[in-house]
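Dear colleague,

Please find the structure below. My notes on it follow.

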Amino acid sequence: MTAATFAELKEAIAGAYPVLPKQLQRIARFALDKPNELALGTVAAVAEAAGVQPSAMIRFANALEYAGFSHMQQVFREHLVERSTSYRDRIAQLRKSGHPSGEGRVLHQFVGDAIAELGQLDDNIRQADLHAAVTLMCRAERVHVLAQRRAFPIATYLTYALGQLELRTHLLDGVGGMLDNSLRSIAPRDVLVVTSFHSYSPEVVSAAAAAHQRGIAVIAITDSAFSPLKPAARVCFELGGASEPAFRSLVAPFCLAQALAVGVGHRLAEVAARPAAKRARRNGAAS
């Protein structure tokens, strides 16, 4: 059945990905990483940006049961129109501006990219996943946080923020080659939060898989429905975003980490307030 909405199309692309030829897999990644570019471009322009032949775009649309590229593109366009027109215009303007040269233009480009990234984050994150992740962390005996390379700042911030909420939190930094020992110390009622983006850290992927096999709840912060972290995750946040820039932004994952920490704080405050509310009701009934 042909996907009629962007959410359905994302699921269809992720489901078809494993059996697609490599060239069509490349388009699938581009479609989920840069949906706005696919919505705004001609078939030739999109094909060039994705690094494939225009005919491959037609085959990709056909593989998803669309009559042609324009039919599939319409779903992306409708998704873009649902958001603000000013945002759509800004994206179009950024695409026309080319690569910046001076320092001011570099900053302008990064700010524009960050705005686009946050808009995509707002689209991609489901409230149900936020609720599930917060519930898992609040109920856990201990929260372990693991990330490496460019994702490591996300792990350190999340460890700090959850620690400030007096949640038992442990940063798995692997110092001294002790990562395996630290992973073995994770208990069944603990939670492991992992963060990794393309190209994915093998150690983080292996740790998530091993924890999943032991029945430990894994929360993943990653970039794509094709991430190797997804199969091991009980909750998987797919932030989207391109995988090829030399300087990849951390704006979206930091924003998500802050939202998770604040969500945990609200939940803990609600739990703490319940006994006091019960006592107040009893005292009111007694009087």
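Contact here means heavy atoms within 4.5 Å. This is a predicted model, in which local features need pLDDT of at least 70 and side-chain atom pairs count only at pLDDT 80 or more, while totals for chains, interfaces and linings use all residues. Residues are numbered from 1 along each chain as its sequence is written, and side-chain values use heavy atoms, with hydrogens and water left out.

N124 belongs to helix α8 (residues 103-124); helices are DSSP runs of H or I with at least four residues, strands are E runs of at least two, and both are numbered from the N terminus. Its relative accessibility is 13%, so N124 counts as buried (under 20% relative accessible area, 1.4 Å probe, protein chains only). Setting aside neighbours within four places in sequence, N124 has contacts with K10, E238, L239 and G240. The side chains of N124 and K10 are joined by a polar contact of 3.2 Å (a pair of N or O atoms within 3.5 Å, one able to donate a hydrogen and the other to accept it; residues adjacent in sequence count only if both atoms are side-chain atoms).

L239 is also among the residues with the most contacts inside the largest nonpolar core, which has 33 residues. Such a core is a set of buried Ala, Val, Leu, Ile, Met, Phe, Trp, Tyr and Cys residues joined through side-chain atoms within 4.5 Å. The largest share of this core, six residues, comes from α9. L256 touches L239 and F237, among others, not counting residues up to four places away in sequence. Another core, of 32 residues, lies apart from it and includes L64, F69, L80 and A225.

Regards

How values were computed. Buried < 20%, exposed > 50% of the residue type's maximum accessible area, 1.4 Å probe, protein only.
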